[in-house]
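Visitor: Could you walk me through this one? I have not looked at it before, so please go slowly.
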Amino acid sequence: MSTCRTLNLTQIRISICSLKKSKPCFLNPRTAGPYRPSARSYSSIQAAAVSLESADDSKNETVEHLLSNRDDVLRLMKMERRPDAEKSGSRWFPYLDRYKCGSGELSGSEVLEAVGPYIMEDRKERFANVVKNRSYSVCLVVEGLSDFGNVSAAFRSADALGFQSVHVVSCDSSKRYRDNRHVSMGAEKWLDIELWDSTQECFEVLKSRGYRIATTHVGMDAVSIYDMDWSCPTAIVVGNENRGISDEALELSDLHCSIPMKGMVDSFNVSVAAGILMHQAVCDRTSRLGSHGDLTLAESRVLLAEFSLRHSKSAISIAHEYAKRKAATPMPKL
């Protein structure tokens, strides 16, 4: 009896193991034979479904690659850029309400109408929350950094704290860091990055846009960042890891500022310093203005359209198809 029981248990174990290893098998009601679900039908459904949530189109666009290829940086920005000579109201906003599609164009609202149905609701909600807390009133400038890991970390802090605009002046490309996307966490995809060959050129353009230039410097004339009014349009400048801010930048800037030190060392890592500066700017602006984000409804709509277009290459194709249909639709007679 015990032998029979042992054999039965062994058979049961073997059966269970074989079931775990085998593919699911169901009874086909028509033939009464085994029926296995086809993987082909599922894949065809996946292929038919249009989704913008699939591939990360910028997986190869590391910070090092972007900062070494000016054209790629420009291609990141989709809506038409505003000329520097043309200022929008009392402060700078870089985009016009226009996206060029071949010979046609779409407004921000039309871009959202075209692409919106193909973006998941939680993603659209994320975009809306981010745009609500975005500002161009304070921007970050990194001058002459040689460690792309530091640039990546500064970008990540800028994105997390609600800064949309970052500027890079003459990065030292002699020192390379292969993979820093894990440092930036892809923040560069959502920022407006502008590259400059010289500090003078960068500062001149920023001043024409209405920014005051604040360089970080440890000196007798430096103002504590906690005593500054960050509600004024300000460009924060951090310098090279070893040399600090250049003499040219110190001379051309409107004011020098510093982070009070309480320890034996008198400096922070440059990416840490950038994070502290931006965090203080957000805190001060929130205290004075009620919030850091300050885009108007029209500006928010344009930036939402910008994010929607950056979301995936498929979004660009969808927007172009929408523009073609728009051009083919006859205008109603009045």
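Visitor: Is Q164 buried or exposed?
Guide: Q164 is buried, with a relative accessible area of 0%, where buried means under 20%, exposed over 50% and partly exposed in between, using a 1.4 Å probe and protein chains only. This is a predicted model, in which local features need pLDDT of at least 70 and side-chain atom pairs count only at pLDDT 80 or more, while totals for chains, interfaces and linings use all residues. Residues are numbered from 1 along each chain as its sequence is written, and side-chain values use heavy atoms, with hydrogens and water left out.

Visitor: Where does Q164 lie?
Guide: Q164 lies in the loop between α7 (148-161) and β6; helices (H or I, at least four residues) and strands (E, at least two) are DSSP runs, numbered from the N terminus.

Visitor: And what does the side chain of Q164 make a polar contact with?
Guide: The side chain of R134 is a partner, at 2.4 Å, a polar contact being a pair of N or O atoms within 3.5 Å, where within protein one must be able to donate a hydrogen and the other to accept it, and residues adjacent in sequence count only if both atoms are side-chain atoms. The backbone oxygen of W190 also lies 2.7 Å from a polar atom of the Q164 side chain.

Visitor: New topic: in what order do the strands of the open sheet come?
Guide: Seven strands form the open sheet, in the order β7-β6-β5-β10-β8-β11-β9, and the pairing is parallel; two strands pair if DSSP finds at least two bridges between them. The edge strands, each pairing on one side only, are β7 (192-196) and β9 (223-224).

Visitor: How many bridges join β6 to β7?
Guide: Five bridges join β6 (residues 165-169) to β7, and the two run parallel. Within β7, I193 is the bridge partner of V166.

Visitor: What about H256, buried or exposed?
Guide: H256 counts as buried, at 14% relative accessibility, and its place is in strand β11 (residues 255-258). The side chain of H256 makes a polar contact with the side chain of D221, at 2.9 Å.

Visitor: Last one: which residues have the most contacts inside the largest nonpolar core?
Guide: They are Y95, L140, I193 and L206, in a core of 72 residues; a nonpolar core is a set of buried Ala, Val, Leu, Ile, Met, Phe, Trp, Tyr and Cys residues joined through side-chain atoms within 4.5 Å. The largest share of this core, seven residues, comes from helix α11 (residues 270-289).
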